[in-house]
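Trainee: May we go through this model together? I would like to discuss some of its local features.
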Amino acid sequence: MTSDREEFPQESRSVTSDREEILQAVSTAVLAVTRHLSVREVLQVIVRSAQRLLDARYAALGVPDEDGSFAEFVAEGLTGRQWDAIGPLPRQHGMLGAMLRDGAPVRLPDLRDDPRFEWWPKAHPVMKDFLGVPIRDGDEVLGIIFLANKRIPGGFTAADEELLTLFAAHAAIALTNARLYERGRELAMLEERNRMARELHDAVTQKLFSLRLTAQAAATMLEKAPDRAAAELERVQRLAGEALAELRAVIVELRPAELDRHGLAETLRKHVRLLDRLHPARVVFDCDEPPPLDPAAEVALLRVAQEALHNALRHSGASEVAVRLCHAGGKLSLSVSDDGAGFEQGGSRGLGLVSMRERAESVGGMMTVDSAPGRGTTVRVEVGV
């Protein structure tokens, strides 16, 4: 009897300890999610946290759209090369479609044996044990989070399903908050763009009107009063420069909408994928998960990357261009490298490199260019985070 009484408290302490560890793991994962404010960042952290929480080889989260596909789909466990080989995002068919319709968790020892499973693309990794849970806001299914191939033998358990369901409930709150935050930012951005449009209209339109009148006056004076015509043409040149400066100031202030919706890494990824389809050269993107960055620095890095990619694809004759975004030592580094013709450094290379360097320096960053004839070119920018 004494031994029985001694065993029960020990067992109770063990159960309590396990539960505390689980709740601590969920709490840590939820806090990681709520620190991020963009929807894309929240989705990525939800997937990564769930993968670590339940020790799964693969994890993914899909947010459905109204056209039978997914507005967002993020995954962990796949390389960029695998993603490219798999092809387009999945549509709402098979198990994913069934989960969207039913809105209920699904736990399977082998996904392929379930009648709701249909097919995978050829390059898709083989997934066996499966656990999927809807992320819900009331009756609305915000998305589906699913895990596959648990690293510990035996597959996913009922306790795993309960844990992922608990985590999904908290993730729904973080995702809803991120959506509200983004909508607020979009409204504020729209108001700011309207204000800037009014300023652009007032400032630049007046200068262009003066420019036109001055040019007309100069044209009438060319034969009878060439000295006065020359003075008017100098004024034309000055007004044109002022109008150009006004336009550049407005353009610099305009933050690309893609950055607000997707963040720097995903905006670059999508831009690279588009260029890879449009050009014969292979264009690839690789990145570490970047930390939160000052909005002005994000714009500067995006513009530098776009300019460097334009140069590489239009002028270098490269067969491959690589864009890399990495974070180390308190700095975020962007590099654009090509295997093209390269050039002799030290001479004038036009306004492209000057403009990129000015953008980098305007946000406290530094740009370097490494190039030589026949060795390709690498443009690298580092900014503090």
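This is a predicted model: local features need pLDDT of at least 70, side-chain atom pairs count only at pLDDT 80 or more; totals for chains, interfaces and linings use all residues.

Trainee: What is the cut-off for a disulfide, and what does the count come to?

Mentor: The two sulfur atoms must lie within 2.5 Å. By this rule the count is zero disulfides. Seen from cysteine 326, the closest cysteine sulfur is in cysteine 287, at 9.6 Å, so that a bond is ruled out by distance.

Trainee: Are these cysteines buried or partly exposed?

Mentor: Cysteine 287 is partly exposed, with 21% relative accessible area. Cysteine 326 also counts as partly exposed, at 22%.

Trainee: Which contacts does arginine 269 make?

Mentor: Leaving aside residues up to four places away in sequence, arginine 269 touches Phe285 and Cys287. Arginine 269 is found in helix α7. Its side chain is joined to that of glutamate 266 by a polar contact of 3.1 Å.

Trainee: Why might residues three places apart on a helix point the same way?

Mentor: An α-helix has 3.6 residues a turn, so residues three or four places apart point the same way.

Trainee: Turning to pockets, what is the volume of the largest pocket?

Mentor: The volume of the largest pocket is about 1,300 Å³. Its lining consists of 38 residues, and those nearest the centre are Gly80, Trp83, Glu266, Arg269 and Arg273. The elements that contribute two or more residues to this lining are α2 (39-54), β2 (70-76), α3 (80-86), α7 (257-278) and β6 (282-287).

Trainee: Which element gives the largest share of the lining?

Mentor: Helix α7 does, with nine residues.

Trainee: How many of the lining residues are nonpolar, polar and charged?

Mentor: The lining of the largest pocket has 17 nonpolar, 16 charged and five polar residues.

Trainee: A change of topic: how many residues of helix α4 are buried?

Mentor: Seven of the nine residues in α4 (residues 94-102) are buried, so this helix is largely enclosed by the rest of the structure. The buried residues are Gly94, Met95, Leu96, Gly97, Ala98, Met99 and Leu100.

Trainee: What covers them?

Mentor: The cover over the buried residues of α4 includes the strands β1, β2, β3 (106-108), β4 (130-137) and β5. Just after α4, glycine 103 has a positive phi of about 65 degrees.

Trainee: Which residue other than glycine has a positive phi?

Mentor: Aspartate 55 is one of them, with phi near 55 degrees. This residue lies in the loop between α2 and β1 (56-64), and at 28% relative accessibility aspartate 55 counts as partly exposed. Asparagine 149 is another residue other than glycine with a positive phi, near 60 degrees. Asparagine 149 is found in strand β5 and is buried, with a relative accessible area of 18%.

Trainee: Where does phenylalanine 156 lie?

Mentor: Phenylalanine 156 lies in the loop between β5 (140-150) and α5 (158-221). At 7% relative accessibility, phenylalanine 156 counts as buried.

Trainee: Which residues does phenylalanine 156 touch, beyond those up to four places away in sequence?

Mentor: The contacts of phenylalanine 156 include Leu54, Ala56, Arg107, Phe130, Leu131 and Asn149. For leucine 131, which is 25 residues away along the chain, the C-alpha separation from phenylalanine 156 is 6.7 Å.

Trainee: Finally, is serine 335 buried or exposed?

Mentor: Serine 335 is buried, because its relative accessible area is 8%. Serine 335 lies in strand β8 (residues 331-338). Not counting residues up to four places away in sequence, serine 335 touches Ala322, Val323, Arg324, Thr378, Val379 and Arg380.

Conventions: Residues are numbered from 1 along each chain as its sequence is written. Side-chain values use heavy atoms; hydrogens and water are left out. Helices (H or I, at least four residues) and strands (E, at least two) are DSSP runs, numbered from the N terminus. Buried means under 20% relative accessible area, exposed over 50%, partly exposed in between (1.4 Å probe, protein chains only). Contact means heavy atoms within 4.5 Å. On a 1 Å grid over the protein atoms alone, a cavity is a set of points where a 1.4 Å probe fits but cannot get out, and a pocket is an open set with protein on both sides within 12 Å along at least five of seven lines; lining residues have an atom within 4 Å of a point. Grid points are joined across faces, edges and corners, and a volume is the space filled by probe spheres set on the points. Ala, Val, Leu, Ile, Met, Phe, Trp, Tyr, Cys and Pro count as nonpolar, Asp, Glu, Lys and Arg as charged, and the others, Gly among them, as polar. A polar contact is a pair of N or O atoms within 3.5 Å; within protein, one must be able to donate a hydrogen and the other to accept it, and residues adjacent in sequence count only if both atoms are side-chain atoms.
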